[in-house]
Amino acid sequence: MSFSEAFLQWILPFCAGIVLGIFVLYAVYSVKRKKNHIDYMTGLPDFRALLSYLRTRKKGKFVFVLIDIDDFRRFNRESYEKGDQVIHEFAQILQKEFGTLTHIFRYKLGDEFVLVFPVEHYGLIDNKLKT
């Protein structure tokens, strides 16, 4: 048996094991992320959490506000890291300004966020959004 044949007999199972390990780790990570319903970048509840919240909310009227970062593409054109930073910082601002009055969710994986709050808080939220 030549060196190259012996090497292939050793390296192929080794590589297959590494690939299998990567798939297992990815599957575990995906399940935990989906189970927790938390957006990895912002720490906010994600779209699945929003759907779950809306399904379980039974009483009272509420307001649903969709917020989009205007001209977000310019940050991503600069760099994806810059875009990620803007999304993260914007999420922190939303939590600081509205966290006690609303439920805040990241909508999908874009630059949109959703605020859900009781209709009684509409005046307060409206004033904060205008400033």
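**Note on the predicted chain**

1. Five helices and three strands make up the chain, where helices (H or I, at least four residues) and strands (E, at least two) are DSSP runs numbered from the N terminus. Their order along the sequence is α-α-β-α-α-β-β-α. This is a predicted model, in which local features need pLDDT of at least 70 and side-chain atom pairs count only at pLDDT 80 or more, while totals for chains, interfaces and linings use all residues. Residues are numbered from 1 along each chain as its sequence is written, and side-chain values use heavy atoms, with hydrogens and water left out.

2. Of the 131 residues, 26% count as buried (buried is under 20% relative accessible area, exposed over 50%, partly exposed in between; 1.4 Å probe, protein chains only). Among contacts (heavy atoms within 4.5 Å) between residues at least 6 apart in sequence, 56% join residues at least 24 apart.

3. Helix α2 spans residues 47-56, and its buried residues are Ala 49, Leu 50 and Tyr 53. These residues lie on the same side of α2, because they cover an arc of only 105° around the axis; the arc is taken over the directions from the helix axis to the C-beta atoms. An α-helix has 3.6 residues a turn, so residues three or four places apart point the same way. The packing partners of the buried residues of α2 are β1 (62-68), β2 (103-107) and β3 (112-118).

4. At the start of α2, a side-chain oxygen of Asp 46 comes to within 3.1 Å of the backbone nitrogen of Arg 48. A polar contact here is a pair of N or O atoms within 3.5 Å; within protein, one must be able to donate a hydrogen and the other to accept it, and residues adjacent in sequence count only if both atoms are side-chain atoms.

5. Thr 42 sits in the loop between α1 (3-36) and α2. Is Thr 42 buried or exposed? Thr 42 is buried, at a relative accessible area of 8%. Its side chain makes a polar contact of 2.7 Å with the side chain of Asp 39, and the side chain of Thr 42 also reaches the backbone nitrogen of Leu 44 at 3.1 Å. Leaving aside residues up to four places away in sequence, Thr 42 touches Ile 87, His 88, Ala 91, Arg 106 and Phe 113.

6. Asp 71 belongs to the loop between β1 and α3 (73-78). Phi of Asp 71 is near 50°, a positive value in a residue other than glycine. Most residues other than glycine have a negative phi.

7. Pro 118 is in strand β3 and counts as partly exposed, at 24% relative accessibility. Its C-alpha atom is separated by 6.1 Å from that of Lys 61, 57 residues apart along the chain. Not counting residues up to four places away in sequence, Pro 118 touches Arg 57, Lys 61, Phe 62 and Leu 101.

8. The largest pocket has a volume of about 180 Å³. On a 1 Å grid over the protein atoms alone, a pocket is an open set of points where a 1.4 Å probe fits, with protein on both sides within 12 Å along at least five of seven lines; lining residues have an atom within 4 Å of a point. Grid points are joined across faces, edges and corners, and the volume is the space filled by probe spheres set on the points.

9. Which elements give two or more residues to the lining of the largest pocket? They are α4 (80-98) and α5 (122-130), and the largest share, five residues, comes from α4. The lining includes Ile 67, Phe 90 and Lys 128.
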